[in-house]
Structures are given as structure tokens and as C-alpha cells.
Amino acid sequence: MSKRLGWFLAGGLLVALLLAGVVSNFASGSPDGLDATARQGCTFDADDEITGGTCMLQQEQGHQMDGSPLAGYGIRGIDNEWLSTGLSGVLGVLLTFGIGGGVFWLARKRKSPEEANT
Amino acid sequence: MDDVQAMHIANGIVDGPVSALFAVLAVLALAFCVWRARADLDDRLAPMAGLVAAFIFAVQMLNFQVLPGVSGHLLGGALAVVLVGPWVGALCVSTVLIVQCLLFADGGLTALGLNITNMALIGTAAGYLLVAALMRFLPKTPGGVGATAFIASVVGVVVASQGFVLEYWLGGTTQLSMTTIAGTMAGVHVLIGLGEGLIAATTVATVARVRPDLVYALRRYRKTVPAVEMADAS
């Protein structure tokens, strides 16, 4: 990998870290397009519990990974919402880059076919 | 509520058999993508693909308001297609969805095949068809590639939203009007697509200005249009 590409990747990663680590705290808390569609037809109380009607959301079941320390884009044990969201975003970016980049790097085509056997 | 919320299909919304069917479909399609992606993945594209996945993860956290009480976030298919091509691009979006599902408990594990089908496969495929068509006649400049990303994003997001409508029609767990669901999903995703288009256009135009050699769409389609060089040479 060339040095120039290394600088570009570092710059891009820095932008992603800032977006996920800082800007994420300014994101809208409203349900997204899919979630809003899933809530259509039901009424909700102040605690966001379904009070009546018929909607997709009534059939929703819990997530298998709800016990994950990063569940719901926060870090279990950190009460400060800004810190919790921001740090989970930073971890997410690094993990995605590490896992994605690692797999793509291993799967890339090598220059000579002999090297690919390792 | 400032927390980033769950944003993909949760467990239980679509029934087990249909979820399983789409899980099989997603595995087969991703295996095909891996096979095709290997031809594109070289020493330059592989780390770039890791960055694209990390960037999509970051931007998916940034929900923007599209209507009172309704937000949206980038899906990333068209952005990935322009920067790393369709096969690697679908794998980038899938990587994000798998990380979000397994580590962030977002998008049900049972529903992972549904989410991958909609966002990584359908959205990316629709975006790719538009990129392939538009790059034939739009200028190979930051502006041209930005306009391509914008249009491909809007269409890709709306088509991806209809993937959910199809899945819900096949295996929805509540009796609801399908025309209402299709209309609501399409309408709100036009707005989300416009937001995604602006983000994707800004991103690819910036990369095209700094490092045009790292933009797959510019590399890929430049080869097929050597008209400028030929005209200069004659």
C-alpha cells in the first residue's frame, strides 16, 4: 500500500470517526422511515407504549443481541448519553473498518498465484 | 430521546419462513458477490472498501428529519457502487448490517437476510443500474460523478424500500393494507433518498476531487470512453 493511499485512508477514517463520535449526538431522535411505517395505525402514550390500534410494531420481538455491551448504539455502564453514543460510534467505525478492511484485504487478488496459496 | 434508535427490520415483523427464505437468498447472492468482487479487489481497492464500510456505518448513525416526527438515514448502496463498484459495494453494505446486527442489536438476527436483501442487494443493484447508465453520458468529473451518485441514491433508496413491501406482503405478521404500506414507504423514502443523495454526492465529488483514481466509477467507465484522448492524438 502506498504512503499516499495511507494518508487518504487516515483522513477518511478521521472524518468517519468525527461523524460517528460527535455529529451522531445531533442526529434526529424521531423514528426513521421504516419505523414510522411500522408504527402507522397505532396510538402511543407519553412513554411510547402502544395504547391502541393495529400496526406492524405490535408483533415486534426482542433482539437476540439485546445483552450486547453496545446494544442500541450506547455503551453499557456509561450513563452520560453523549459519551455513550459517541464512544459506541467510534468503536463501530473502528470495528467495521477492521473487520471489513481485514476480510477485503485477505480476499484481494495477489500479484503472483503462488502467494495466494498462503 | 437523543439516542440513536434501531433503524432496520426487527424480529417478528416478517414471519419465520419468509425470513428464512430471504436469508438463503442473501447468502447465495453474497457468495456470488464475493466471487465477482475478487476480480476488483486489489491492493488499492481492498483498504478503500474497508473505509467505505466504516464511513457508511458512521453516516447511518446520522438520522436527519424528513417530516415532523419522521427521520431517515443513509443506506449507502449508491455511494458504495460509485466508490468501489457493485460487487464490493454490496459486500460493504452487508458488512455494516452484520456489525450493526451482531454488536449493536440493530436489525433482528432473524431479519438479517431481509435487511441485507433490501439495503445491500436491491438498493445497491438499483443504484448500480443507474450509475452504469448515467456514467455513459455524464462528464467524468467531480460534478458528473456527484450528480450520478445523487440520482442513483434517490432511486436506490425508493426501490430498496419496496423490497420491504414485498417481504411484508409475503410474510407480514399483521393484517394491514398493502397499498397503504407501499405508499407510505415510497413517499417517505423519496424524501430520505433526497437526503442520502446530497450526502452521497458531496462524498463522491470530494473523493473525485482529491483522488479521482480511487473512484471506481471514474476508473471503470473511463476505459470505455477513450474518445477524448483519441481526438487529441489525431
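1. **Conventions.** This is a predicted model, in which local features need pLDDT of at least 70, side-chain atom pairs count only at pLDDT 80 or more, and totals for chains, interfaces and linings use all residues. Residues are numbered from 1 along each chain as its sequence is written, while chains are lettered from A and ligands numbered from 1 in the order in which they are written.

2. **The contact between the chains.** Chain B brings 61 residues to the contact and chain A brings 60, where two residues are in contact if their C-beta atoms, placed from the backbone, lie within 7 Å. Among the elements that give two or more residues to the chain B side are helix 1 (16-40), helix 2 (45-60), strand 1 (64-67) and strand 2 (70-72) of chain B. Helices and strands here are DSSP runs numbered from the N terminus (H or I, at least four residues, for helices; E, at least two, for strands). Helix 2 of chain B supplies the largest share of that side, 11 residues. By class, the chain B side has 37 nonpolar, 17 polar and seven charged residues; Ala, Val, Leu, Ile, Met, Phe, Trp, Tyr, Cys and Pro count as nonpolar, Asp, Glu, Lys and Arg as charged, and the others, Gly among them, as polar.

3. **Helix 2 of chain B.** This helix is mostly covered, with 16 of its 16 residues buried. A residue is buried if 20 or more other C-beta atoms lie within 10 Å of its own, exposed if 12 or fewer, and partly exposed in between, with C-beta atoms placed from the backbone. The geometry checks out too: at 1.5 Å a residue, the 16 residues of helix 2 of chain B should span 22 Å, and the end C-alpha atoms are 22 Å apart. The expected span is 1.5 Å times one less than the number of residues.

4. Strand 1 and strand 2 of chain B run antiparallel and are joined by three bridges; strands pair if DSSP finds at least two bridges between them. B:Phe64 has B:Gly72 in strand 2 of chain B as its bridge partner. Two residues lie between the strands, and B:Gly69 takes a positive phi near 80° in this hairpin.

5. **The nonpolar core.** The largest core has 109 residues, and B:Val52, B:Ile56 and B:Val215 are among those that touch the most other members. Such a core is a set of buried Ala, Val, Leu, Ile, Met, Phe, Trp, Tyr and Cys residues joined through C-beta atoms within 7 Å. Beyond four places in sequence, B:Val215 touches residues including B:Val82, B:Leu83 and B:Val204.

6. **B:Gly12.** Is B:Gly12 buried or exposed? B:Gly12 counts as buried, because 20 C-beta neighbours lie inside 10 Å. B:Gly12 sits in the segment before helix 1 of chain B. Leaving aside neighbours within four places in sequence, B:Gly12 is in contact with A:Gln59, A:Glu60, A:Gln61 and B:Thr173.

7. **The record.** An unreviewed UniProt entry lists "transmembrane region" at residues 86-107 of chain A; UniProt positions follow the numbering used here, feature names are shortened, and annotations may be inferred rather than shown by experiment. In the model, residues 86-107 of chain A are 100% helix and 0% strand, with end C-alpha atoms 31 Å apart.
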